[in-house]
Amino acid sequence: MSTTGLKALADEIDSLEATSQVVHAFELLAMVHLPELRRQVDAVHAYTEAVLHSIAEIAEHGELRYSVEAEGQGRRDLVVLITSSMGMCGSYNQDVFTALDKHLAREADEGLGEDGGPQADYLVIGSRGLRHLTDRRQAVLGAYDLALESVDVATVAGLAAAAVDRVRAGHNRRVLVVYTHYEDVVTFTARVVQLYPLHLPPPRPVDVHAPVVDFELEPAEVLTQFVDSYAIGQLFAWVRHAVASEYGMRRMTTNLSKRALRDSLTERRRQYRKVRMATESAELLDVMSSQQAVRGRRTSRGARDD
């Protein structure tokens, strides 16, 4: 191989080394964020559990309980689709789309949507989710072109209110959320869960020594406010699960990429050494051949002089 080819190999090695450093930085970034995201998820989960049990206690009477558990009058579900815009996340979005498709297949027997029409209405986070739904001509009511990490409580509050109000107004029968649930650094599962109406747990035993709390509002009004708070908290928790899953998948993807890059670097360096040795050997042979040719000409000239 020529010197030009040797330089091309050297440039390729430099490029692979630079890429390896970038991938390593992405992996470290993911590892730094995961513990804090885990803490946030646990904190929000504790809050939503407390609110849910409070709702169950307020709705202990049948009429109020029915108001938060009964499905709306609409024929279609309202689906909040949470997708990733982060790079190097492997199959994150495909797993979410697969979970959604499986849900729609199960729901098809219940006659949702008109023949050949959309089976659900959608609110979507992420441009890739919007593209997926648009390509399939689904009914997208609203889209948030945001990175999951930048979705704050205010954004979630607006989204949750819009979704819950559509069920209360009779436009949809329930609110479903499709997201990726984070378990640990190597376990994340795409899920379809119901946000509203609520599935209430049985009321907890009453503590006779607990203080009596008297609300100025009617129980139904208090219940509505608690339900709204629960919907916001629960949806925010699922968004943070999705962010943690993003970083978890990125960590796994970057780890695999590092291995592939390391193998490529090893092979290119071996090839570079082999080519360099071959080039140097060829140059040495050329020098030796030139020296032999010179000595041969000198010997021939000396013989003629004699």
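Student: How many aromatic pairs does the structure hold?

Tutor: This is a predicted model, in which local features need pLDDT of at least 70, side-chain atom pairs count only at pLDDT 80 or more, and totals for chains, interfaces and linings use all residues. Residues are numbered from 1 along each chain as its sequence is written, and side-chain values use heavy atoms, with hydrogens and water left out. Rings of Phe, Tyr and Trp (its six-membered ring) pair if their centres lie within 6.5 Å, and planes under 30 degrees apart count as stacked, over 60 as edge-to-face and the rest as tilted. By that rule, the number of aromatic pairs in the structure is two.

Student: What is the angle between the planes of Tyr179 and Trp238?

Tutor: A pair of aromatic rings is described by the distance of the centres and the angle of the planes. For Tyr179 and Trp238 the centres are 5.5 Å apart, and the pair counts as stacked, with the planes at an angle of 25°.

Student: Which elements does this pair link?

Tutor: Helices (H or I, at least four residues) and strands (E, at least two) are DSSP runs, numbered from the N terminus. The two residues are 59 places apart and belong to distant parts of the chain. Tyr179 and Trp238 therefore sit, respectively, in strand 4 and helix 6.

Student: Are Tyr179 and Trp238 buried or exposed?

Tutor: A residue is buried under 20% relative accessible area, exposed over 50%, and partly exposed in between (1.4 Å probe, protein chains only). Tyr179 has a relative accessibility of 1%, so it counts as buried. Trp238 has a value of 9%, so Trp238 likewise counts as buried.

Student: What is the distance, centre to centre, in the aromatic pair of Tyr182 and Phe188?

Tutor: Tyr182 counts as buried because its relative accessibility is 5%, and Phe188 is buried because its relative accessible area is 15%. Their rings are stacked, with 25° between the planes, and the distance from centre to centre is 6.2 Å.

Student: In what order do the elements of the chain run?

Tutor: The chain has six helices and five strands. Read from the N terminus on, the order is α-α-β-α-β-α-β-α-β-β-α.

Student: What share of the contacts between residues at least 6 apart in sequence joins residues at least 24 apart?

Tutor: A contact means heavy atoms within 4.5 Å. The chain has 306 residues, of which 37% are buried. Among its contacts between residues at least 6 apart in sequence, the share that joins residues at least 24 apart is 77%.

Student: Where is Ile82 found, and how far is its C-alpha atom from that of Leu148?

Tutor: Ile82 is found in strand 1 (residues 77-82), and at 0% relative accessibility it counts as buried. Beyond its neighbours within four places in sequence, Ile82 is in contact with residues including Tyr92, Ile125, Leu148, Val178, Tyr179 and Ala242. Ile82 and Leu148 are 66 residues apart in sequence, and their C-alpha atoms are separated by 8.1 Å.

Student: What distance separates the C-alpha atoms of Leu37 and Ala242?

Tutor: Leu37 belongs to helix 1 (residues 3-58), and it counts as buried because its relative accessibility is 4%. Not counting residues up to four places away in sequence, Leu37 touches Arg240, Val243, Ala244 and Tyr247. Between Leu37 and Ala242 there are 205 residues of separation along the chain, and the distance between their C-alpha atoms is 9.9 Å.

Student: Which residue other than glycine has a positive phi near 55°?

Tutor: Most residues other than glycine have a negative phi, and most peptide bonds are trans. The residue in question lies in the loop between helix 4 (127-135) and strand 3 (139-144), and at 75% relative accessibility it counts as exposed. The residue with phi near 55° is Arg137.
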